[in-house]
Amino acid sequence: MNRKEFYSLLDNWENIHLLINYLTDYPNQLDALIAIGLSNDQKENWRAIWIADKIHEKHPELIRPYLGQLTEALKTTSCDSKLRHLLKLISLNPIDQQHLSFLLAYCLELVDNATSPIANRVHGMQILFEISEQEPELKPELIQLFEHELEKHESPAIRSRGKRLLKKLYSAT
């Protein structure tokens, strides 16, 4: 399938499940999907990352090779919906050592930014926790950050994830 065919299929939600099944059966086509998803912030590009997220749910091994590219895309992506799926995919996988410092800085800023969408902040919290599993000296700082977030936000998503992560952080320190 060429890029033009992908774009025409991505333009209609009715085709999304067909694309997911097709890409699961023909994973060699994932390069094209990821390239579309990372190219810019049009709706088709967001949908391509959404499809990657759905494929990851059942076949994470198919998406893991692209995690470096997905992480690098955080630097240039401005679409909040696309960011949500990028962050989710990153949060569900081991953090590569080469991206650790970038993700730490990015997610600290993201979580502390009250104007960032809640889902993005929640995924940022999870990524920070995953980083602290590799860098345990960060755990006390994350405890303070997450406690602060719980104090100032009424969002059920932040409260739920924050409490769950704090419980793990408390038991580790």
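The protein divides into domain 1, residues 1-66, and domain 2, residues 94-172. This is a predicted model. The C-alpha centres of domain 1 and domain 2 are 28 Å apart.

Start with helix α2, which runs over residues 16-25. Its buried residues are I16, L19, I20 and L23. They span an arc of only 100° around the axis, and so they lie on the same side of α2. An α-helix has 3.6 residues a turn, so residues three or four places apart point the same way. Now turn to the other side of α2. There, H17, L18 and D25 are exposed.

Next, find P136. It sits in the loop between α9 (118-134) and α10 (139-152). Is P136 buried, exposed or partly exposed? Its relative accessible area is 46%, so P136 counts as partly exposed. Now look for L169. P136 and L169 are 33 residues apart along the chain. Their C-alpha atoms are separated by 9.5 Å.

Finish with the cysteines. How many disulfides are there? The count comes to 0. Take C79. The nearest cysteine sulfur, that of C107, is 17 Å away. For C107, the nearest cysteine sulfur is that of C79, at 17 Å, and C107 is in no disulfide either. Both cysteines are buried: C79 has a relative accessible area of 19%, and C107 has one of 0%. The cut-off for buried is under 20%, so C79 with its 19% falls within it.

Notes:
Residues are numbered from 1 along each chain as its sequence is written. This is a predicted model: local features need pLDDT of at least 70, side-chain atom pairs count only at pLDDT 80 or more; totals for chains, interfaces and linings use all residues. Side-chain values use heavy atoms; hydrogens and water are left out. Domain bounds come from an automatic or database domain assignment. Buried means under 20% relative accessible area, exposed over 50%, partly exposed in between (1.4 Å probe, protein chains only). Helices (H or I, at least four residues) and strands (E, at least two) are DSSP runs, numbered from the N terminus. The arc is that of the directions from the helix axis to the C-beta atoms. A disulfide is a pair of cysteine sulfur atoms within 2.5 Å.
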